[in-house]
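Hello,

Here is the structure for you to look over. My notes follow below it.

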Amino acid sequence: MRIESREMQVSSWEEAEALAGRLDAEDDLAEFRGRFHLPRDTNGILKTYMCGNSLGLMPKVTTQRLQQHLETWGQTGVEGHFHGKEAWLTIEDATSALSSNIVGAKSPLEVVYMNTLTVNIHLMMVAFYRPTGDRFKVLIEQKAFPSDDYAVQSQVKFHGYDPESAIIRLRPREGESTLRTEDILDTIERERDSLALVFFPGVQYLSGQVLPMAAIAESASRHGIPVGFDLAHAVGNIEVFLHDWGVDFAVWCSYKYLNAGPGAVSGVFLHEKHAHNKELPRLAGWWGYDRKSRFQMNETFVPQPGAYGFQLSNPPVLASVPIVSSLELFEEAGIANIRRKSEKLTAYLETLLLKFVGSEIDMLTPSNPEERGNQISIQLKKAKLQKVHSYLESEGVVCDTREPDVLRISPVPLYSTFHDVFSVVKCLYDAIQKQGLHN
C-alpha cells in the first residue's frame, strides 16, 4: 500500500482528528480491536494503549482456550497428552505451523517455541559461535539490548576470549541515531577473516529501526560467517523472510507483538540447511530426541530434524496455549495486511508529531516506512521526560520511556486506532505546553 504524502497533510487539530476518523472508517482490520481486552482505568474509562512493543494485549479467546486446557487437565489428567485438538504431547506442532508464514519459514520444522529468549540465544550460540584461532570475533550493535549483550559476552568468555577484543560493537555515525546499511556491510567485509558470528536485531529496540536483514545475511553468508538475528521487536511487527534470506538462526520473544502474555515462551528459527546436521553442536535434552523413539529411553542422543532437535524439555502447555490463540488471529488477519496498516499508523503518527511538537523533539526513528516498524521513538529536547510521562499517564496514555529523554510510542495494528494516535499526540502537546516550552 502506497502512502501518499498529501493524504497525511493536516494544518490544525480539527483536520488531524477528522483525518483519523476517515482512516479508521477505511480500516480493514478494525474488527480485530474488539477481540482484545483493552485496559481501563479505575473508573472504567478506556486507556490509550501504545505499549505493544513492551507487552502486547491479551486476546479475549486466550481465557477460553486456557480454561479448556485446565478442564482437560482436571478431567483427564495425563491423558491430555494424547487427546484433544491440541494434545500436549505435540502441542509444539501448532505453534510451529502457525508461525511459518509470520517468520518466512519454508516448513514448520524450521520453527519451534521453547524456553525464553536469552536461553535460546545461548543455545543457538553453542551451535553457531565456534571460534577458531583466526576467526573468533562477534559483530553486534553498540546499543544491543542488554540481555543480548550479556549473552554474547558470556559466550565469548566461556570460549576463553576477552570481550574487549572479541566483540566488535558497531555504532551509528556521529550525530545519527541509526545504523547505515553501508557501514554494516563494510564492517563485515573488512572483518570477514576474523568474524565467527554476526548477530543483530531485526528491529532495534530503542530507535525502532528495521535492520537490513537480507543484505546482512547475504554478506555474512558469502564469507562463510554464521548469521543470526534477535527478532524480539520484529516478529508480528514486520514481514520477515528468514528462509529466503538464508539466515542461519533467529530467536524472538512472544510477549510483545505476538500477544502471548508476560514472560511467554520464546521462538527459534533454524534454517533448513542445518536441519539434518546431527553434528551441529548443541546442548541436548530429551524433548529434542527423535520423536518416534523418544520413549525407548536410549542412551545415545538422536536429534529430531530442524529446530525441534534443540528442544530441551517438554513444552509448558499453559504457556504455549496463549501463543496458539494469538497466532490464529495473525493467520486470520494476514501479516501483510498488518504491515500495511502499521505503515499508515506510523505515517499518521509522524505527521502529527512533526506538525504539532516538531520543534520540541528529535525523531530517532527512520522516516522511511520500510526502515521502521510499529514504533516511533522521540527524544525530548527540553521537556522533562518524567513530567511528560506522568502527564500522559494521568490522561490514560500508556507508552514507555528510556532514560534520560526518550519516549517510545507504539500503535499496534490489531488493536490500535488512528484516533488513539491522535489522542496520544494531543496529550503530548499538552504535556509539553504545561512545562511552558512551546513557542
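Which residue in β5 does L139 stand opposite? L139 stands opposite V198 in β5.

First, the ground rules. This is a predicted model, so local features need pLDDT of at least 70 and side-chain atom pairs count only at pLDDT 80 or more, while totals for chains, interfaces and linings use all residues. Residues are numbered from 1 along each chain as its sequence is written, and side-chain values use heavy atoms, leaving out hydrogens and water.

Strand β3

β3 covers residues 137-141. Strands are DSSP runs (E, at least two residues), and helices are too (H or I, at least four), numbered from the N terminus. β3 runs parallel to β5 (residues 195-201), joined by 3 bridges. It also runs parallel to β4 (residues 167-170), with 4 bridges. Strands pair if DSSP finds at least two bridges between them. In β4, I167 is the bridge partner of V138.

Of the 5 residues in β3, 5 are buried (under 20% relative accessible area, 1.4 Å probe, protein chains only; exposed is over 50%, partly exposed in between). In a regular strand, side chains alternate between the two faces of the sheet. K137, L139 and E141 are buried on one side of β3, V138 and I140 on the other.

The open sheet

Four strands, 4 in the order β9-β10-β13-β12, form an open antiparallel sheet. β9 (361-363) and β12 (400-402) stand at the edges with a single partner strand each, so one side of each lacks a neighbour in the sheet. β12 pairs with β13 (residues 406-409) over 3 bridges, in the antiparallel sense. D400 has R408 in β13 as its bridge partner.

Best wishes
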